[in-house]
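Trainee: I would like a close look at one part of this model. Please keep to what the coordinates give.

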Amino acid sequence: MSKQSAPIGVLDSGIGGYSVVKQVQKLLPEEDLLYFGDGAHIPYGNHAQETIVAMARYMFRFMEERGVKALLVACNTISCLVDRCGEGVSCPVFNAVKAGAEAAARLEVDKVGVISTVFTHNSRIYPEKIQALSPKKVVVLSCGCPDLARLVEHSLGDPEGMALVEDNLRQELDHMVLEDKVDCCVLGCTHYPLVGDSIHKLYPGLPLIDPAEEMARALKEHLDREKLGSPQASPGALTIYTTGDTEEYALRASQVGLGRIDKVEYYPPMELL
């Protein structure tokens with residue numbers, strides 16, 4: 001297989017990375033995509049740091065063995081530790097935190113909100129990166145959501161489940177939006193864009209920053225610059241692997257509007273000590 005024809009890898013702790021796949025399919029429809037969702041261990045943000053690194057390396061090796069030409073780390077929690085996880089990976093690696101922070105720093109705003117997993121929140125990586133990149137002094141408020149990613153993972157398309165998602169969104173976002181009055185909100189977990197419509201309904205007028213859009217643009221710029229774009233004229237295929245429930249992953253892919261799914265296969269999870 002030539003490097004141009006090699007697939008693009010996307011990895012995540014669960015189905016959240018589907019938000020990244022959706023943006024890549026929109027911007028680069030001719031590319032083949034290889035997805036890995038570690039559904040057996042979601043949410044990553046509730047694990048210890050060393051466990052997260054080990055699980056991420058397990059997925060990185062999977063992608064390296066399959067010769068991906070670029071790797072998109074959709075999981076924000078893994079992105080916090082990406083320098084420790086990507087040893088031995090020969091392709092360029094794009095991560096969600098870098099993309100989200102760069103997008104927020106470009107905005108002409110005074111107060112940025114960030115919602116993420118507890119691990120990403122505790123790392124303080126988003127406030128530090130946004131403030132370091134912003135040309136002006138900006139206030140960054142961060143909120144760690146312990147249950148939201150799990151609720152999104154298992155609730156899409158289920159009215160009762162989505163009611164729980166919206167209740168949780170109110171618990172986590174009301175103070176930030178209604179009292180602190182942030183000018184925008186970074187969706188610092190790739191699960192959250194999957195319920196973007198619910199966030200817009202609860203907080204109309206609140207601008208949302210989706211790192212997935214920024215990652216897709218950065219990927220396209222890289223492929224164009226290095227002349228690594230797929231030579232095929234027909235739409236590329238999406239192959240999905242998961243350590244979780246394959247039927248659920250197939251259903252969620254359909255629900256979020258992913259196209260050209262070739263297959264959804266089970267892959268054994270890393271055993272946790």
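Trainee: How many of the residues of strand 7 (residues 184-188) are buried, and is the strand mostly covered or mostly open?

Mentor: Five of its five residues are buried, so strand 7 is mostly covered. Buried means under 20% relative accessible area, exposed means over 50%, and partly exposed lies in between (1.4 Å probe, protein chains only). First, the ground rules. The model is predicted: local features need pLDDT of at least 70, side-chain atom pairs count only at pLDDT 80 or more, and totals for chains, interfaces and linings use all residues. Numbering starts from 1 along each chain as its sequence is written, and side-chain values use heavy atoms, leaving out hydrogens and water. Helices (H or I, at least four residues) and strands (E, at least two) are DSSP runs, numbered from the N terminus.

Take the two faces of strand 7. In a regular strand the side chains alternate between the two faces of the sheet. Here Cys184, Val186 and Gly188 are buried on one side. Cys185 and Leu187 are buried on the other.

Now its partners. Strands count as paired if DSSP finds at least two bridges between them. Strand 5 (residues 111-116) runs parallel to strand 7, joined by five bridges. Isoleucine 115 stands opposite leucine 187. Strand 8 also pairs with strand 7 in the parallel sense, over two bridges. There, valine 186 has isoleucine 209 as its bridge partner.

Next, the empty space. Rolling a probe the size of a water molecule over the atoms shows where empty space is left. On a 1 Å grid over the protein atoms alone, a cavity is a set of points where a 1.4 Å probe fits but cannot get out; a pocket is an open set with protein on both sides within 12 Å along at least five of seven lines; lining residues have an atom within 4 Å of a point. Grid points are joined across faces, edges and corners, and a volume is the space filled by probe spheres set on the points.

The largest pocket holds about 520 Å³ of space. Strand 8 (208-209) gives two or more residues to its lining, as do helix 1 (18-27), helix 10 (196-202) and helix 11 (211-226). The lining has 23 residues; Lys22, Pro193, Leu194, Gly196 and Asp210 lie nearest the centre. By class, nine are nonpolar, seven polar and seven charged. For these classes, Ala, Val, Leu, Ile, Met, Phe, Trp, Tyr, Cys and Pro are nonpolar, Asp, Glu, Lys and Arg are charged, and the others, Gly among them, are polar.

Then the cavities. The structure has two of 30 Å³ or more. About 70 Å³ lies in the largest cavity. It is lined by 14 residues, with Ser13, Cys75, Thr117, Cys189 and His191 closest to its centre. That lining has six nonpolar, seven polar and one charged residues. The second largest cavity has about 30 Å³. Its lining includes Ala104, Val112 and Ile130. Seven of its lining residues are nonpolar, one is polar and one is charged.

Contact means heavy atoms within 4.5 Å. Leucine 72 has phenylalanine 94 in strand 4 as its bridge partner.

Leu148, Leu151 and Glu153 are among the buried ones. Helix 9 and helix 12 (246-255) are among the elements covering them. Proline 159 sits in helix 9 (residues 159-179). Its relative accessibility is 67%, so proline 159 counts as exposed.
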